[in-house]
Amino acid sequence: MIGYGVCVGPGNLFERICLPGIERVRTPGSPVFTMRNQRSLFSAYNAMFDQAAANSDITGLVMLHDDVELRKNPAEVAQPVFEDDSVGMLGSVGGSDTVSLAWWNEKETRRGRVTDYDKVHDYGSDRYEVHAVDDVILCVNRWTIENIRFPEGHYRGFEGLGVILATLIRAAGKRVIVQDLQDVMHHNDGRGFNGLKDWRHNELRWQREFFDLSPLERVGNHLERLTIPTIPLRLAARRLAVRAAGRAHEVSDGETGDPVIDELVGGWYRRCKRLRGRMQV
């Protein structure tokens with residue numbers, strides 16, 4: 001059977017949105033693993049993998065954010081996909097040729113379909129192989145539950161897990177797939193990122209581990225890591241500049257829900273493009 005796992009944040013999103021959807025669609029007896037009061041999505045998912053691995057009846061997990069509403073059962077899509085032993089993970093949306101945790105910037109390679117609170121992200125409803133997935137909802141099989149863990153202390157916070165997990169699975173020789181997971185509703189409401197400092201930390205660490213960096217690039221990567229504590233000040237300066245330029249009314253046309261954060265993340269992505277074709281998995 002396929003279980004469900006949720007890292008529950010503060011507030012009532014899980015009780016109001018997520019849990020009723022799970023109860024609506026899950027097979028009776030399928031377990032629901034919840035992790036509360038977590039400081040890291042990576043350690044929370046490791047713990048849920050450990051709990052699921054201890055139950056020999058579990059063949060897979062649906063891992064979803066606490067603001068995701070299930071209207072149909074994604075396990076019905078996942079089960080036939082996981083009949084292929086070469087697959088390790090299934091997501092709803094993702095992409096390829098990924099050089100940044102901002103995978104959606106690879107616009108030509110985006111695949112899959114998911115509904116946000118105000119729009120549908122539709123890049124095709126068929127089954128596609130990709131290099132990265134969005135972690136809003138993802139499904140993993142028994143092999144991944146037993147064999148994949150995030151290295152302790154390498155990644156922190158709540159940003160970039162889907163891309164990093166997909167890379168770990170591909171590095172272990174399995175494939176990553178996306179497919180429309182049957183009427184998934186993400187009640188994101190434009191809240192954006194939980195932590196830009198964690199985002200940049202995780203992106204730099206991921207690039208050091210999985211890309212062919214020259215010695216000079218590795219030095220630059222470590223120097224960039226030292227500047228991470230200044231990110232809030234840089235954001236504040238950008239916001240002042242936006243207001244001074246009379247642009248305070250602008251709204252986000254990107255993925256973060258905040259035009260100033262979009263600009264910063266977009267700048268990081270443009271610098272990452274030099275890594276195109278240099279991923280080592």
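**Helices in contact**

Guide: Let us begin with handedness: in this predicted model, the crossing in which H6 passes H8 is right-handed.

Visitor: At what angle do H6 and H8 pack, and how far apart are their axes?

Guide: The angle between helix H6, residues 196-210, and H8 is about 120 degrees, and their axes lie 9 Å apart. Angles from 65 to 115 degrees count as roughly perpendicular and those over 145 as roughly antiparallel; H6 and H8 are therefore oblique to each other.

Visitor: Which residues of H6 and H8 meet?

Guide: From H6 come Leu 196, Lys 197 and Arg 200, and from H8 come Ile 231, Pro 232 and Leu 235. Sorted by class, the contact of H6 with H8 has four nonpolar, no polar and two charged residues.

Visitor: How do H8 and H9 pack?

Guide: Helix H8 spans residues 231-244 and helix H9 spans residues 259-272. Their angle is about 120 degrees, with the axes 10 Å apart, and H8 and H9 are therefore oblique to each other. The crossing of H8 and H9 is right-handed.

Visitor: Which residues make the contact of H8 and H9?

Guide: H8 contributes Ile 231, Arg 234, Leu 235, Arg 238, Arg 239 and Val 242. H9 contributes Val 260, Ile 261, Glu 263, Leu 264 and Trp 268.

Visitor: How many residues of each class are in the contact of H8 with H9?

Guide: The contact of H8 with H9 divides into seven nonpolar, no polar and four charged residues.

Technical notes. Residues are numbered from 1 along each chain as its sequence is written. This is a predicted model: local features need pLDDT of at least 70, side-chain atom pairs count only at pLDDT 80 or more; totals for chains, interfaces and linings use all residues. Side-chain values use heavy atoms; hydrogens and water are left out. Axes are lines fitted to C-alpha atoms, for helices over the stretch in contact, and angles run from 0 to 180 degrees between N-to-C directions. Helices (H or I, at least four residues) and strands (E, at least two) are DSSP runs, numbered from the N terminus. Angles under 35 degrees count as roughly parallel, over 145 as roughly antiparallel, 65 to 115 as roughly perpendicular and the rest as oblique. A crossing is left-handed if the near helix is turned anticlockwise from the far one by less than a right angle, and right-handed if clockwise. Contact means heavy atoms within 4.5 Å. Ala, Val, Leu, Ile, Met, Phe, Trp, Tyr, Cys and Pro count as nonpolar, Asp, Glu, Lys and Arg as charged, and the others, Gly among them, as polar.
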